[in-house]
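Have the model open as you read.

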Amino acid sequence: MKISGSKAAALAAIACAAALSATACGGDAYSQGGGSGDNGAPPSFQPGHESSLMHARQVGGLGQVITDHEGYTLYRFDKDTAKPAKSNCADTCAVQWPPVLADGNFQVEGIDPALVSTVERADGAQQVTVGGWPLYRFFQDAKPGESRGHGKGGTWHAATPDGKKAAAPANGGTASGY
């Protein structure tokens, strides 16, 4: 489903989160081969191409969760707020949990566009929200379909297509793979 206007801007940097996590985390997220290409480099973002998609996908034992264009799980943080939308993850937190930023047109699959928006972060950047909840990547998810961040500290959860918390993995541990 094509999104335009202010909500389109809200979705633009799902792919940028992948690049941010590599930059902000000194390449840790891609040093384990999780990036695109053979050299472990972070994926690039090209508005209007397949990299501008945000999907609802089945991930491990979590059920349907939101993923970026490459299949990396996106998360929400219990210390943020949805009404009004506000991100409370900055500085060191944002290095380990790079925010999903918006800066162009985007498409969503399996996510109601009416639930997608942005919130202005303290640094002025626009962060993508779903159901009011700001979205993040986790720098230790080394490959698509992993959800190593789910349940971290009891406050981080894979985000469902309506912005809610994903259920605990069926195996009682960390979900991994599709």
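The disulfide between Cys89 and Cys93 is left-handed because the torsion about its S-S bond is about -110°. In this predicted model, local features need pLDDT of at least 70 and side-chain atom pairs count only at pLDDT 80 or more, while totals for chains, interfaces and linings use all residues. Residues are numbered from 1 along each chain as its sequence is written, and side-chain values use heavy atoms, leaving out hydrogens and water.

The sulfur atoms of Cys89 and Cys93 lie 2.0 Å apart; a disulfide here is a pair of cysteine sulfur atoms within 2.5 Å. A search of the whole structure finds 1 disulfide. Its two ends are listed here, with buried meaning under 20% relative accessible area, exposed over 50% and partly exposed in between (1.4 Å probe, protein chains only).

| Residue | Relative accessibility | Class |
|---|---|---|
| Cys89 | 1% | buried |
| Cys93 | 21% | partly exposed |

Cys89 also belongs to the largest nonpolar core, which has 14 residues, and is among those with the most contacts inside it, as are Tyr75 and Trp156. Such a core is a set of buried Ala, Val, Leu, Ile, Met, Phe, Trp, Tyr and Cys residues joined through side-chain atoms within 4.5 Å. Strands E4 (75-77) and E11 (156-158) each supply at least two of its residues; strands (E, at least two residues) are DSSP runs, numbered from the N terminus.

Beyond its neighbours within four places in sequence, Trp156 touches both Cys89 and Cys93, among others, a contact being heavy atoms within 4.5 Å.

Key: Helices (H or I, at least four residues) and strands (E, at least two) are DSSP runs, numbered from the N terminus.
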